[in-house]
Amino acid sequence: MRTFGTRFAARMARPTGALELMADLGTAMARGGEADIRMLGGGNPARIAPVEAVYRRRLEEIAADPVQFGRFIAGYSAPEGDLGFREAVALSLCNEFGWPLTAGNVGLTSGSQSAFFFLFNLFAGERTDGGHSRILLPLAPEYIGYADVGLTPGMLLARPAAIRELDDGYFKYFVDFDRLDVPDDIGALCVSRPTNPSGNVLTIEELQRLDALARARRVPFIVDAAYGLPFPGIQHEHLDSLWNPNVVLCLSLSKLGLPAARTGIIVADESIIEALTAFNATAALAPPSTGPVIVEPLLRSGELTRLCRNHLRPHYLAQSAAAVQALRAACAGLPLRIHRPEGAFFLWLWFPGLPISSDELYRRLKQRDVLVLSGHHFFPGVEQDDPHQHECLRLSYAQPPESVRAGIAILAEEVRRAYEGG
Ligand SMILES: Cc1ncc(COP(=O)(O)O)c(C=O)c1O
């Protein structure tokens, strides 16, 4: 890779886990959905026919209406994002959770990944007083996409989860509050809920405790609900959520089935939305309006909530159960542990004592056209290396069941070969 000699290039143009993940996804897409590629890696959502039918209908409505068409594609939005959609988001959160929000608490980004680029660098990094601050991830493993968004190196500090083994070959991660200190240089806390990669859902009590820790340090608490409530609502446990002026809640339209519309949503104190507005204008002029224009009437009418409850959540619940069953059958006799699936659309597999690294397993599977993600990517900011970090895999079950089953069969073969010394 060419070197450009700038600090920016050294940070932002180097190979990262997110690049590997998206490059795998792009290559697989370029091969045009060949039946023999099993895409159990990237975060593409499922294509759910009744949900896509609603988006198609919306596109027809937009094409037929000059006002909506203008907002959709023919004009820049305000730098904080399309006003009608921001009002609809605020109203729907007020109605659902009773939070006192207006459009001034809602700002849009070009996908929530870029929201994390903005937020992490807003709250942490080099300070004007010469100091340096970091983002604390209180429950690792945590989302791969946080790993490299800091403009300065060493921006993340993560605390490994406590592991509890459950019945039926399941295990579960918990925030290890007994060992969770918040050092002085922390500029914000951040969790994903449901957690990518494990599918863990923190309870509201855990969220409140983390928020209290953040407040004690006078720093914000970022909650990434890309898979959570109120949309897409792929959350099977603890159907509640948290917001107050100290919480920065991040939502996305991607997992609703609209990842190409690149729409991230930040719900936060107005001062943070003002900073986002300036950042958007400078870095991108304005965020996209396509997703907002498609979704706004669905949000206002309640149709989006029905789509989530009646289609998205049941679809992923059924896919999760089928994937667990297929894995257990294929891995019979192997020391497989599965994180209890509570939300999102991944299974997080742990093979205790795996004789090869999860990264080597990832490569062997890739050679056989099965794309998964090696677990070691999901421990950014963890200070100590631990065998657990190299014994896990993330497997998406969003793709068609036959593809997931075929991928699982090959995965089981490779894991068996590894345990047998091959
Ligand atoms: C936990 C989590 N947060 C954020 C994102 C970013 O999503 P997007 O940029 O498509 O909104 C993802 C994508 O997979 C994710 O898994």
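Author: Two residues count as in contact if their C-beta atoms, placed from the backbone, lie within 7 Å. Helices (H or I, at least four residues) and strands (E, at least two) are DSSP runs, numbered from the N terminus. The model is predicted: local features need pLDDT of at least 70, side-chain atom pairs count only at pLDDT 80 or more, and totals for chains, interfaces and linings use all residues. Residues are numbered from 1 along each chain as its sequence is written.

Reader: Which residues of helix α9 are buried?
Author: Helix α9 covers residues 290-301. A residue is buried if 20 or more other C-beta atoms lie within 10 Å of its own, exposed if 12 or fewer, and partly exposed in between. In α9 the buried residues are Gly291, Pro292, Val293, Ile294, Val295, Glu296 and Leu298.

Reader: What covers the buried residues of α9?
Author: The cover includes the strand β2 (106-109). It also includes the helices α3, α4 (66-74), α5 (83-97) and α10.

Reader: Which glycine just after α9 takes a positive phi?
Author: The phi of this residue is about 90°. It sits just after α9 and is glycine 302.

Reader: How far apart do the C-alpha centres of domain 1 and domain 2 lie?
Author: Domain 1 is made of 7-52 + 306-419, and domain 2 is 75-302 (bounds from an automatic or database domain assignment). Their C-alpha centres are separated by 23 Å.

Reader: Which element gives the largest share of the side of domain 1 that touches domain 2?
Author: The contact takes 40 residues from domain 1 and 41 residues from domain 2. On the domain 1 side, two or more residues each come from α2 (17-30), α3 (49-64), α10 (303-330), β12 (337-339) and β13 (346-350). The largest share, 7 residues, belongs to α10.

Reader: Why do the buried residues of α11 line one face of the helix?
Author: In α11 (residues 358-367), Ser358, Leu361, Tyr362 and Leu365 are buried. Arg363 and Gln367 are exposed on the other side of α11. The buried residues line one face because, seen down the axis of α11, they fall within an arc (taken over the directions from the helix axis to the C-beta atoms) of 105°.

Reader: Which elements do the buried residues of α11 pack against?
Author: Three strands take part: β14 (370-371), β15 (373-374) and β16 (392-396). Beside these strands, the buried residues of α11 pack against the helix α12 (401-419).
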